[in-house]
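User: Can you go through some local features of this model with me? I'll ask as we go.
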Amino acid sequence: MTDKEIDTAAGGAQTRSGFVALIGATNAGKSTLVNRLVGAKVSIVSHKVQTTRAIIRGIAIHGNAQIVFMDTPGIFKPRRRLDRAMVTTAWGGAKDADVVMLLIDSERGLKGDAEAILEGLKEVPQPKILVLNKVDRVRPEELLKLAAAANEAVAFERTFMISALNGSGCDDLMDYLAKALPEGPWYYPEDQISDLPMRQLAAEITREKLFLRLHQELPYASHVETEKWEERKDGSVRIEQVIYVERESQKKIALGKGGEAIKAISTAARKEISEILEQPVHLFLFVKVRENWGDDPERFREMGLDFPR
């Protein structure tokens with residue numbers, strides 16, 4: 001699509017485009033909100049904290065505007081090298097955006113990491129908006145107090161109250177963002193919803209199923225890579241992925257008794273990947289032990305993270 005075609009893509013109106021960075025504490029609902037606003041699944045969702053590891057871009061069209069949402073890793077107090085890389089990536093995404101959107105879990109309020117994030121936002125020069133999520137679970141008077149406290153700490157342009165889960169308030173948020181972005185041609189084709197390569201998205205989907213299946217059993221020392229991707233003559237695709245863990249005991253957890261866990265993970269991941277690709281998928285999962293993969297620069301590059309020294 002040429003610039004001229006893009007400029008007239010929305011009925012002749014001057015197009016707008018830009019990047020909106022979602023930042024917030026872990027498990028504030030950023031991935032759920034990005035999927036809601038894009039209208040399709042582009043970021044994995046889990047009840048576990050720190051699920052998103054790198055910046056994932058979800059692309060939405062609203063009127064004459066193309067909004068590129070940057071789902072950043074949750075910001076928290078880092079303990080490991082991987083933690084430091086994730087937090088650095090999140091703040092880097094904020095500084096690269098046209099608009100920064102702070103998402104706060106209304107039930108948790110400004111406790112813990114949210115308070116530290118507000119302090120860090122004071123150093124970010126871009127326009128900032130406050131989005132209070134899960135507002136259907138909190139009394140109106142408490143929401144007003146929370147909004148007032150956050151706006152006292154940081155000069156937000158606007159405050160929105162939404163539910164990422166049921167979509168309440170999201171239309172108003174999209175209307176605002178579409179007008180707040182600068183005029184200019186769209187960055188991506190109209191039908192593209194993410195800049196994540198399919199090999200990487202497929203690995204992210206498997207990682208989500210791993211988290212959902214194993215709950216607290218498997219720690220965060222796991223990583224999924226798509227090693228082979230073969231388009232077959234019958235229209236199907238053969239995918240081979242490796243789940244890397246750090247210890248033999250973790251491998252046993254991932255496999256499960258009689259291979260039960262890995263079969264369930266594979267079935268769930270294959271079904272979702274097939275729905276996204278709209279073609280049959282043959283998915284083969286392997287679990288390998290790679291000690292201290294969290295200190296391997298190559299693994300960080302695979303995840304789209306800079307390796308912190």
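User: Where is Glu278 placed?
Analyst: Glu278 is in the loop between helix H9 (260-277) and strand E9 (281-289). Helices (H or I, at least four residues) and strands (E, at least two) are DSSP runs, numbered from the N terminus. This is a predicted model, where local features need pLDDT of at least 70, side-chain atom pairs count only at pLDDT 80 or more, and totals for chains, interfaces and linings use all residues. Residues are numbered from 1 along each chain as its sequence is written, and side-chain values use heavy atoms, with hydrogens and water left out.
User: Is Glu278 buried or exposed?
Analyst: Exposed, at a relative accessible area of 73%. Buried means under 20% relative accessible area, exposed over 50%, and partly exposed in between (1.4 Å probe, protein chains only).
User: And what about its phi?
Analyst: Glu278 has a positive phi of about 60°, although it is not a glycine. Most residues other than glycine have a negative phi.
User: OK, aromatics. How many pairs?
Analyst: The count is 2 aromatic pairs. Rings of Phe, Tyr and Trp (its six-membered ring) pair if their centres lie within 6.5 Å; planes under 30 degrees apart count as stacked, over 60 as edge-to-face and the rest as tilted. Phe19 and Tyr187 form a tilted pair, 4.9 Å centre to centre with 55° between the planes.
User: Which parts does that pair tie together?
Analyst: Phe19 lies in strand E1 (residues 16-24) and Tyr187 in the loop between helix H6 (170-180) and helix H7 (198-214), so the pair ties together parts 168 residues apart in sequence.
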